[in-house]
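Here are my notes on this one, written as numbered points. Keep the picture open while you read.

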Amino acid sequence: MSSEPTDPSQPTVTDGRYLYCIVDASDAKVSQLSVTGLDDATVSLTTYDDIAVVSHATDQLYDTDDIAQLRRWLVAHQAVIDEVGSTFGTPLPFQFDVILEGGDEAVIQWVEANEQRIRTALNEFRGAWEYRVHLKWDRSDVESVVREEDDRLQEISQQRAETGEGTQFLLDTQYEERLTEVLEMKKASLRDRLTDAIDDTARRVTSHTAVPSLKELDGIDDDTEWVARVAVLADKSDETELGAHLDDIAVHPGVEIEFTGPWPPYSFAPDFAEDT
Amino acid sequence: MSTTLELDDDGEGVQKGLLTLVLSLVDIIDEALEKEAVRRMESGELTDEEIERLGAQLKQLSAEIERLKQQEGVDESVDEFRGQLDTLVADAITDLSTSTERHE
C-alpha cells in the first residue's frame, strides 16, 4: 500500500490496483460491473474463492491540491462502492487512495493473508447498512420557545422591569447564563431521545464529531447548530421503523433531522488499509 | 486547532497584536467578574444598593472595554482570538474527558 504525495503526471506505481471495496461474491451472478471508476477507469473484480475485491488498474497515486478534482475522485470512489453494494450486498469499503502494487496476483495474496479477518467482517456486516442521523436546530426558533416557556427567564425579565440600570446589567448577564443553561439541557434531552429512538433497531451506533465537513457547512445559516451527528448500523428491513422513530423527535419546534442512507458501513467496517 | 496573533510583523503589526492580546485578556477577566457578581447577587449576600452599584461599575467597565476595542480597531481580531481560545479550551476539555474515560 502506498500513500506518499507525488506528481500525478508521473507514473509512480508498478502494476498498481486501486482498491474500492471487498464483497461476498458467493451469490452474485455477475462478473462485470457497469460503473466506471476514478477518471472513468475500468473497474474489475478479483476473486479468491467467494471473496471479491473491486479495483482498477493504475500506475499513479491520486494525490492533488485541486479540491474540485479531489471531490470528483471521492464521488467516483463512492459511486463504485454504491453500485457494487446494490449488486452484491453490503460491501466492506476501502478508504480513498488505497493502492496495492503487483497486479491481481498481489491482490489475491493480500486476501489470502487476511482471509479470516475478511470473512469475519463479511459475516458481521451481511445485510447491515449505515444510516446517518444529523440532528440540528435553528437556534433562534428554539430560543423563542425557551424564552416563552421557562419560568426562571420570565421571572428575570419581570425583575428587570422594576430595577435600576446597574441591576439590569447584572440581570441581563443572569438571563443569558440561564438561557445558555436551558438550551444545553434541551440539547442533552434531545440527544437522550435520539439514543432511545435508535436503540431498538441499531446493531451499533457511533457518534461523529460535532464539527461537520465543509460540504455540509455549504449553505447553512448562522442560526443552525448541530445537536448530534451519529452513524447507525442497522438492517435494511429496519429502515422504515428507524425513520418513524426519528419523526417523533423532529416534531419539536426548530428541530430538524436529516436521515440518510443506506450507505456502505464506512463508520463501522474495519480499516483494512491500516495494517497492510 | 491553534491560536495565532501577529506579533512578529513590523512595528504596527506588533502593536495591534499586543493590543488584541491585552484586550482579550481584559475581556475574559471582565466576563469572569460579571459571572462572580451574578453569583453573589443570587446568593443574597448583597443589598439592593450594593447590587445596583456593582452592576453600574461593571456596565461602565464593559462599555469602556468595547470603546477601547473600537478605538484601536481590534474589535474583530479580539472576537476572532477569543473564538480560537474557546475552541482550544473546548478541545482540551474533550481530550481530557476522553482520556479520563479511557483510564476508568
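Is Thr20(B) buried or exposed?

1. Thr20(B) is buried, since its relative accessible area is 2% (buried means under 20%, exposed over 50% and partly exposed in between, with a 1.4 Å probe and protein chains only). Thr20(B) sits in helix 1 (residues 11-43) of chain B; helices are DSSP runs of H or I with at least four residues, strands are runs of E with at least two, and both are numbered from the N terminus. The side chain of Thr20(B) also makes a polar contact with the side chain of Ser77(B), at 3.2 Å. A polar contact is a pair of N or O atoms within 3.5 Å; within protein, one must be able to donate a hydrogen and the other to accept it, and residues adjacent in sequence count only if both atoms are side-chain atoms.

2. Some ground rules. This is a predicted model, where local features need pLDDT of at least 70 and side-chain atom pairs count only at pLDDT 80 or more, while totals for chains, interfaces and linings use all residues. Residues are numbered from 1 along each chain as written, chains are lettered from A and ligands numbered from 1 in the order written, and side-chain values use heavy atoms, leaving out hydrogens and water.

3. Now chain A. Chain A has eight helices and nine strands, and 42% of its 276 residues count as buried.

4. Finally, where the chains meet. Chain A puts ten residues into the contact and chain B 13 residues, contact meaning heavy atoms within 4.5 Å. About 1100 Å² is buried between chain A and chain B; buried area is the accessible area (1.4 Å probe) that two parts lose on being put together, summed over both. Phe169(A), Leu170(A) and Glu177(A) supply 52% of what chain A buries against chain B.

5. There are two salt bridges between chain A and chain B (a side-chain nitrogen of Lys or Arg within 4 Å of a carboxyl oxygen of Asp or Glu). Lys59(B) forms one with Glu165(A), their closest N and O atoms being 3.1 Å apart.
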